[in-house]
Amino acid sequence: MKQLLIVAHAPSSNTRGLRAAAERGARHPDIEAVEVTVKAPLDAGPDDVRRCDAILLGTTENLGYMSGALKDFFDRSYYPVLEDKQGLPCALYIRAGHDGTGTRRAVESIVTGLRWKWVQEPLLLRGEWQDDFVDQVEELGLYLAAGLEAGIL
Ligand SMILES: Cc1cc2nc3c(=O)[nH]c(=O)nc-3n(C[C@H](O)[C@H](O)[C@H](O)COP(=O)(O)O)c2cc1C
């Protein structure tokens, strides 16, 4: 079984909906050979990263940056996984009330340092809430799980 790790901050009902959508996509019934683990960033750490074959990150933008919780996850995980997880397939969604660029830049810079591999452009869900955001994140979860199963990530 391949392991997909979803690490997503979800401080509101909208963002909890996004995290659930990521999980729903990743657990699509047609995908049989991928195990999905979903964690809040404060509950996730280097052991989870070591065990996974791909990672989907989710965060809000707060004060022009990723959530403190996701930053804490990186702070605790960065050096312990730096050597062993280069090339880890990764993707990101950002829920931002009005901007999102600072968060994107910050996560991209950390991912560059880790030498993880983007398998999709970061997904920026910006502005007023749209129900379509849920579908986009569900698709992203499905894409990652399907890609892992097919061995193309
Ligand atoms: C303290 C705080 C700071 C925020 N700062 C930003 C920001 O810098 N840029 C931005 O686009 N949105 C900002 N937001 C809006 C959040 O991104 C948004 O409320 C969050 O993603 C939850 O989405 P929701 O309102 O759809 O549940 C901020 C929200 C809070 C509570």
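I call it a salt bridge when a side-chain nitrogen of Lys or Arg lies within 4 Å of a carboxyl oxygen of Asp or Glu. The model is predicted. I searched the whole structure on that basis and found 10 salt bridges.

**Entry: pairs with Arg**

I started with Arg24. Arg24 forms a salt bridge with Glu138, with 3.2 Å between the closest N and O atoms. This pair links distant parts of the chain: Arg24 sits in helix 1, Glu138 in helix 5, 114 residues apart. Arg24 is partly exposed at 44% relative accessible area. Glu138 is partly exposed too, at 26%.

Next I checked Arg27. Arg27 pairs with Glu23 in a salt bridge, N to O 2.8 Å at the closest.

Then I looked at helix 3. Asp72 and Arg76 both lie there, 4 residues apart, about one turn of the helix. Their side chains meet in a salt bridge at 2.8 Å, N to O. I also noted a network: shared partners join the salt bridges of Lys39, Asp48 and Arg51.

**Entry: negative patch**

I found a surface patch of negative charge made of Asp131, Asp132, Asp135 and Glu139. Asp131 is in the loop between strand 7 and helix 5. Asp131 counts as exposed because its relative accessibility is 61%, and the cut-off is over 50%.

**Entry: Thr103**

Is Thr103 buried or exposed? Thr103 is buried, with 0% relative accessible area. Thr103 belongs to helix 4. Its side chain makes a polar contact with the side chain of Glu61 at 2.6 Å. The Thr103 side chain also reaches the backbone nitrogen of Met66, at 3.3 Å.

How values were computed. Residues are numbered from 1 along each chain as its sequence is written. This is a predicted model: local features need pLDDT of at least 70, side-chain atom pairs count only at pLDDT 80 or more; totals for chains, interfaces and linings use all residues. Side-chain values use heavy atoms; hydrogens and water are left out. Patches are made of residues with over 30% relative accessible area and no salt bridge: like charges are joined within 9 Å, nonpolar side chains (Val, Leu, Ile, Met, Phe, Trp, Tyr) within 5 Å. Accessible areas come from the Shrake-Rupley method with a 1.4 Å probe; for residues, only the protein chains shown count as cover. Lys and Arg count as positive and Asp and Glu as negative; His and the chain ends are not counted. The place of a charge is taken as NZ of Lys, CZ of Arg, CG of Asp or CD of Glu. Helices (H or I, at least four residues) and strands (E, at least two) are DSSP runs, numbered from the N terminus. Buried means under 20% relative accessible area, exposed over 50%, partly exposed in between (1.4 Å probe, protein chains only). A polar contact is a pair of N or O atoms within 3.5 Å; within protein, one must be able to donate a hydrogen and the other to accept it, and residues adjacent in sequence count only if both atoms are side-chain atoms.
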